[in-house]
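Hi,

Here is the structure I said I would pass on. Have a look at it first, and my notes follow below.

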Amino acid sequence: MAYPANYRYTKEHEWIQVDGKIGTVGITDYAQNSLGDIVFVDLPKVGDTVEAGKSFGSVESVKAVSDLFAPVSGAVTAVNEDLKDAPEKINSDANATWLLKVELSDAKQVDGLLTAADYEKFTSEETGH
Amino acid sequence: MSDTTAPTELRKTALNAVHRAAKSKMVDFGGWDMPVDCCGLIAEHMAVRTAVGVFDVSHMGDIQLRGPGSLAAVQHLCMNDASKLAVGQAHYSAMLYPNGTFVDDVIVHKLSENDYLIVINAGTREKDVQWVRKTIGHMPGVHVNDFSDYYTQLAIQGPRAAETLQKLTSTDLSTIKNYWFTWGQVCGLHNVMIARTGYTGEDGFEIYIPSDEPTSARVWGEVLATGAEFGILACGLGARNTLRLEAAMALYGHEISDTINVLEAGLGRYAKLDKPEFVGRDALLEIQAAGGPKRKLVGLEMIERGIGRDGYPVFSLDGKRLGEITSGSPSPFLKKNIALAYVPVENGALDTELAVEIRGQMVKAKVVPLPFYKRAKKTTLSQHLQLNY
């Protein structure tokens, strides 16, 4: 699975796609694959603020809970309500299934995130391949 | 680099290379490198509930007690009454400490008049073998053998398990009743022990084949190929855990341990206190005489949104901490979030509403009957009809 080159990534396996002041956030294909069948997603509400590097919610597979970490700081402008009833969409297409949209409070934070190539290298080191 | 303890080498079953080649997700389970997820936990779980699945459970241990004193040894060592077993019959039992808590839960098989096989858990193998030697090693006329590494143990489970295995054996499987076993030819191997046992709450079989890699890989492959027409999936420990949880079967280190006694665990029906003697009996009698256990294992179903998981604390609705969840998970078959938990007896009545603390939030649950899932008897019947058709 290729990681889109126009996304940026965190070492906690989130992706962000930035368009102007709005960042769209999801989890990576590597993350969904490690988690297995996703059954539950806990997300903040529109209007809540998230802080770069801090937990903003959680994603649960049958086996385990994982924290979600915000790639950037900002106010939540939209939450993917589909995931309440169909969290398994993340498993079928992690790159296209967004969790939330954030209005970036500091666009420069994006520059500190991993590129697709960096992220791919990071995950291959993590699995020891 | 400051860690001075040598890394522990994970143990591997004879099928390890097969699991890795199949790209199953592997985890450290009690020191064993085991597949947790072969092709998707929910799909595997549903295959076992509706069709058939196969598990590598070779990490389980096997202790043989042999000799004229073997029955006396089993009777001293285990809480169930092995004198009731016929040759070819097995039952659920447990080895207890003198205080009535668990060394391990086991399946005792009567192989012949003076020969018993005790199947034990993977994570407790060494402890169990030491306990057996210490507890009955001095008794006359019994020889203890640790056969754990001699078998590859496969569990073929689900409503179509019998049809699958029947294609690989000349033994008439319809003659093997639940918790009975026999020996037969399987995949061309002679004298394979075929037991109608399992840990999924479904009909199924466990077979014990030689543990060399080529034989193990060949049989595993033949089971998968033969089961294909019935929808078989290779299953990992993830599905094994959700299946046994739905069936409310205990897992060592969770519902049962060296700090939980048999009566608390709700397994008193397997402790035959009318036997003259076994390790742990006196303690269980004392607990009974004192009015029974103070806490009990209950089934919980989350009624608000949230998944209670292992170790999460359980509270009364007025905020009193009652105990904790021992196993909790989404139930793939029931599509509810379920859990087993210990609570004081007075808080454990059916339909009692309780709260589970999930990541700082109190989430409501209620006490429900156990098991969460029980297979319909007609499943077994229809299967017999199909086999005898």
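First, a term: a residue counts as buried if 20 or more other C-beta atoms lie within 10 Å of its own, exposed if 12 or fewer, and partly exposed in between, with C-beta atoms placed from the backbone. Leu15(B) has 25 C-beta neighbours inside 10 Å, so it counts as buried.

Some housekeeping. This is a predicted model, so local features need pLDDT of at least 70 and side-chain atom pairs count only at pLDDT 80 or more, while totals for chains, interfaces and linings use all residues. Residues are numbered from 1 along each chain as its sequence is written, and chains are lettered from A and ligands numbered from 1 in the order in which they are written.

On confidence: pLDDT is the predictor's own score for each residue, from 0 to 100. Chain B has a mean of 95, and 95% of its residues reach 70 or more. Over residues 1-5 of chain B the pLDDT is below 50, and that stretch has zero contacts in the model beyond near neighbours in sequence (a contact means C-beta atoms, placed from the backbone, within 7 Å). For the complex, the predictor gives an ipTM of 0.85 and a pTM of 0.92.

Now the fold of chain B. There are nine helices and 19 strands (DSSP runs numbered from the N terminus: H or I of at least four residues for helices, E of at least two for strands). The radius of gyration of chain B, 21 Å, is close to the 21 Å that the globule rule gives for 389 residues, so the chain is as compact as a globular protein of that length. That radius is taken over C-alpha atoms, and the rule is 2.2 Å times the number of residues to the power 0.38. Of the 389 residues, 47% count as buried.

Back to Leu15(B): its place is in the segment before helix 1 (16-21) of chain B. Leaving aside residues up to four places away in sequence, Leu15(B) touches Asp56(B), Ser58(B), Thr152(B), Ser216(B), Ala217(B) and Trp220(B).

Finally, the interface. Eleven residues of chain B are in contact with eight residues of chain A. On the chain B side, helix 2 (41-50), helix 7 (237-246) and strand 16 (321-331) each supply at least two residues.

Cheers

Terms used
Contact = placed C-beta atoms within 7 Å.
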